[in-house]
Amino acid sequence: MAAGAPPQHGDMAAGVEVERVVEALELLLRQPAGAGERGDGGDDDSWAPETLRGNVAALEERLRREPGWAALRGLRAAVLAGAPGLGAAEPAAEPRWAAAAAALALLLCLRERLAQPPAAAAARRPGAAPPPAADTLSAAQARAVRRALRAAVALGLGPWLPPGAGTRRHGPRLLAAAAALARLATHPALGAPLLARHLGPLLAALCLLGHGPPEHTQGVSEEERAQCREALRHVLDRVYQPLAVQELLILQGGSKQRSASPGEDTKPALAQAPAWLRRLCGQLLSERLLRPNGVQAVVRGIMEGTGAGGTGAEAAAVDWRKCDAVAKILAACPQQCLSLEDYYKLVCPQILDLLHIQDKVTARQFQRVATTTLLTMAKGHPQLAEKYLLQPMLAPLLRCSDAAEIAVEDLSAGTVLVEEAELSSCVEDVFKVYVVGNDSSSLLLGSLQSVLGVVFSLYSFTKQNVSYLRSPCREILLWFLEKAERAVSLPVLEGLAGLESSVRLLHPRCQLRVGSQGGAVVAVEETISDEDEALYQKVSSEQRHMESLAELLSHCQKSGLAGDFFIRCLKALTHVAAEDEAASRAARPSAESLLEPEQHHAGPRRQLLVLQLVAVLCESVSDTVFTDVAQVVDFVAATLQRACVGLARGAGGAVEAQTLSMAMGLVAAVLGGAVQLSSSDFAVLQRLVPVLEEVSCAHPEPLIQELAADLRIAICTRGAFAAGTVGAAAEHVLGRRPGPSRTSGAGAAGGAPHPSTASGSPSASSAPEERSAPREPRAADPAPAQRSDGPAAAPLPELLLAAYDPQVPARAAALRTLCSLIKQRDPEALRMQEKLLQVFLENLQHEDSFVYLSAIQGAALLSNEYPEQILPALLARYGSPAQGAAEPAATRMKLGEVLMRVTRALGDMVFKHRDALIHAFLRGSRDPDSTLRASSLSNLGELCQRLGFQLGAVVHEVTSCLTAIAKTDPEAEVRRAAVHVVAVLLRGLSEKATEVLRDALRDLYRLLKHVAAAETDGAAVLHAQLALQELGEAVRRELCPPQTLQKRIVVLP
């Protein structure tokens, strides 16, 4: 190749000025007169044959005649002597080739000039800018050079390189142009614009000359072809690799075009390249891939063309077809690679590096390509993918697991095994590949299962503090539990809880520590000499693991995994009970060896873990943990089996009886219509028949025996026959009282018997015959549609009697039922309003909050229905106790709450009772009890706030009372309440304050200023300051109302 050993023209080039060469290039590419300047873009008029012919002639004339161009003429002659292919051109016959050859010659002259070493620089002044480098071009010169390069490529290579990489036989000219351009590419100032803008044509020419068929390269020797091949590799190694990949893909041409999807933008298809060129480009692309950082170069070369790093990056990330195509390219082993394993060994680390791209714009593309490539390799060659992709990615987590090969015992305490950055990067990579990739293949699930225990330990650790690793760890765990088969996920959950050894947890000598950047560090744990401290740390760690596991299961309730695991724990609890029974019956030898405690250590530890896990799950899981009837049946079966084990060993009590009653009540609710049952659900329920039969035969309580037998009959008949006990148990579970038809044969106030009542009542065991006698009449009860299941089903006299029941739940339930009757305006209840009021007032004195709050609600509801009759009685009892008996202050405060509820319910109608209410509260503010005084003031403030404009002249009495109390009351609590009333009154009246309190504003202002200045109680002073702020804002709104801009349209006559 002519450019292979270029001659040196140092002395001659040194005498040529860069400006002279640039002037010659501008003369050669001069536009005709009248043509507009177009810069570097498009085919302009200066490339017309006539213009080129005139420009070449003018250049030759200038070189011959101008004395100042003699140095350039000599350098040009020397350059043409080294490249004879550029000199054999006739401008008259072939103006385009003549112009291209002249431009290439001048560019080679410029290269020789720029390659000269700089002359000795003169001493520059202090503070002056340093001189530019010898090969630096100005902006105008660089623009002229770019235009000359474009002309040289378009005129020198373009005519001989039509689509398909050339079919004409002009080998010498193509060789001369390609050689000149390849030589220009070796200089930084000229090679940068050449390779950035014209790399494709140059590569096409070199490919054709070095590797093309002989019939296309006639006149080119074998030595020149070898030089072209060497120049091709030199250019490819020198250029920016993603750009080289792009150009090689373009040269390789398009494949068979697929049909465009509806609505998809169609792009112009690439021309089909010859077979030899496709093979050559594929070989060159494979070489780019096998270079260091070749994977990233290939990915960037393919993806950057779609807008990576610019405005089209988001659209490119969505183009999943392109990402998948790149993944398939990376997953396929090229022919140049000797073995598949060598290719994986070279490429897989680079694929993992794609996950660590920091640029947010291109990170999505690279992450998708890397994830898809990894999944494709895992499907094609799982062994190699696990060895070179998954294992290196999971290495930081495997290094600190309990199955790690590293001898942690030999390391000193505090040695860091996994740095924070390494652990964070590993967790993020696992999240990207597994969760975002979302491919639930057996290889991925199996590899993730090997580190799941470490991830869970890290998740449990991050819950103790703020860490960015918590969310990815939780998503990884939830993804595995969701994608894995139920037969795999349930043992994994047991392993995470410490019940099984199937999961590799964190090494016992490893410890997680908080990282400096919000992550975590794995280090060797320091040995704790104190046994109590070590035990405390172990128990605390297990408790955190249990809570973290319960939190994870709270996210798995919809899939049913939480319910299945809860049932599995209950079955394990049954085994614990059976093991205890077997252990208690087994005869232990009198003399035990020292090894026997160690042998029996695992059993009790597992039993304690099961009990702890069940307790945590019972506290954390919600009532929607069971998603179908099958889970409910499994839950009931586990509960009944545990009860049978307890019955077998003779253990039983109130708790066991209530649990058993709850389980059978749940079955009764299912059979009673709580869910819509299908034939398959009844087939599942059949699994309960043997257990129910065992309970009906073995349980000592007749009522539970009866319910178990009735449930078994209902299941066997598929609900066709259901005894009364089944319906009563279902109503009890669903929170409804049985109707009169259910209670006709059962007793006065007990209602239909249900198991929980039987197990919890002391009299249940003493009279089983009485409660079990009405069984046959209940079987003949009317249809469910005729039953009364409302809260008012029980007779009113029984409710009044139950309102005095010594048992708090029974009394509160009766009061609630009476309240419901009043809400429903039951005629019988409203006729007994005086009796009901007496019941409510007497229950106000009860100390239990559930009772007296129900009484307060009932009295308020009754007063709202009959305010004319009830309200005066309440006011009289609040102000002056009946018959001279001194009411406790607590009871009078409860009456005040009743009065305020009535006030809220009456709304504007409270004006009729304004005077009576205000006088009652004013009298209460003078009571000897300070708590009652404060309560009365609070009620007075809310009443005045609700009255508003209806307060009238009474405002003076209220103001005088508040002023006197705030200044003279000995108790700070009461003074505080008085000031607080003023603040609440001003805040509640808001904009109406200046109108409602117009005559009392001055007195209130003076009172607040006095309190703020003289009061010793800090809370009272604070209330006064807040009230002053409210008063100031109210007055400010009155004096300076806000200005509002309004548009007014006036129609002129």
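1. At roughly how many degrees do the axes of helix H6 and helix H8 cross? The axes of H6 (residues 139-156) and H8 (residues 188-211) cross at roughly 30 degrees and come within 10 Å. That makes H6 roughly parallel to H8, where angles under 35 degrees count as roughly parallel, over 145 as roughly antiparallel, 65 to 115 as roughly perpendicular and the rest as oblique. Axes are lines fitted to C-alpha atoms, for helices over the stretch in contact, with angles from 0 to 180 degrees between N-to-C directions. Helices (H or I, at least four residues) and strands (E, at least two) are DSSP runs numbered from the N terminus.

2. On the basis of the note: this is a predicted model, in which local features need pLDDT of at least 70 and side-chain atom pairs count only at pLDDT 80 or more, while totals for chains, interfaces and linings use all residues. Residues are numbered from 1 along each chain as its sequence is written, and side-chain values use heavy atoms, with hydrogens and water left out.

3. H6 passes H8 in a right-handed crossing; a crossing is right-handed if the near helix is turned clockwise from the far one by less than a right angle, and left-handed if anticlockwise. On the H6 side, Val145, Arg146, Leu149, Arg150 and Val153 meet Leu190, Pro193, Leu194, Arg197, His198 and Pro201 of H8, contact meaning heavy atoms within 4.5 Å. The residues of this contact divide into seven nonpolar, one polar and three charged. Ala, Val, Leu, Ile, Met, Phe, Trp, Tyr, Cys and Pro count as nonpolar, Asp, Glu, Lys and Arg as charged, and the others, Gly among them, as polar.

4. H8 also meets helix H11 (residues 275-290), the two axes coming within 11 Å and crossing at roughly 110 degrees. That makes H8 roughly perpendicular to H11. Cys207, Leu208 and His211 in H8 meet Trp276, Leu277, Leu280 and Leu284 in H11. Here the division is six nonpolar, one polar and no charged residues.

5. Helix H38 (residues 808-823) and helix H41 (residues 849-865) have axes that come within 9 Å and cross at roughly 15 degrees. That makes H38 roughly parallel to H41, and H38 passes H41 in a left-handed crossing. The residues of H38 in the contact include Val808, Leu815 and Ile822, and those of H41 include Phe850, Leu861 and Glu865. By class, the contact of H38 with H41 has 10 nonpolar, three polar and four charged residues.

6. Three strands form an open sheet, antiparallel in its pairing, in the order E1-E3-E2. Strand E1 (416-418) and strand E2 (510-514) stand at the edges, each with a single partner strand, so one side of each is left without a neighbour in the sheet. The twist averages 45 degrees from one strand to the next.

7. Pairing (at least two DSSP bridges between two strands) joins E1 and strand E3 (residues 520-524) in the antiparallel sense over two bridges. E2 and E3 pair in the antiparallel sense over five bridges. Ala523 in E3 is the bridge partner of Val416, and Gln511 also stands opposite Ala523. E2 and E3 form a hairpin with five residues between them, and Gly518 in the turn has a positive phi of about 95 degrees. Helix H18 (residues 420-436) lies across E1 and E3 and runs at about 120 degrees to E3.

8. A search of the whole structure finds 24 salt bridges, each a side-chain nitrogen of Lys or Arg within 4 Å of a carboxyl oxygen of Asp or Glu. One of them joins Glu61 and Arg64, whose closest N and O atoms are 2.9 Å apart. Both residues lie in helix H3 (residues 49-65), three residues apart, about one turn of the helix.
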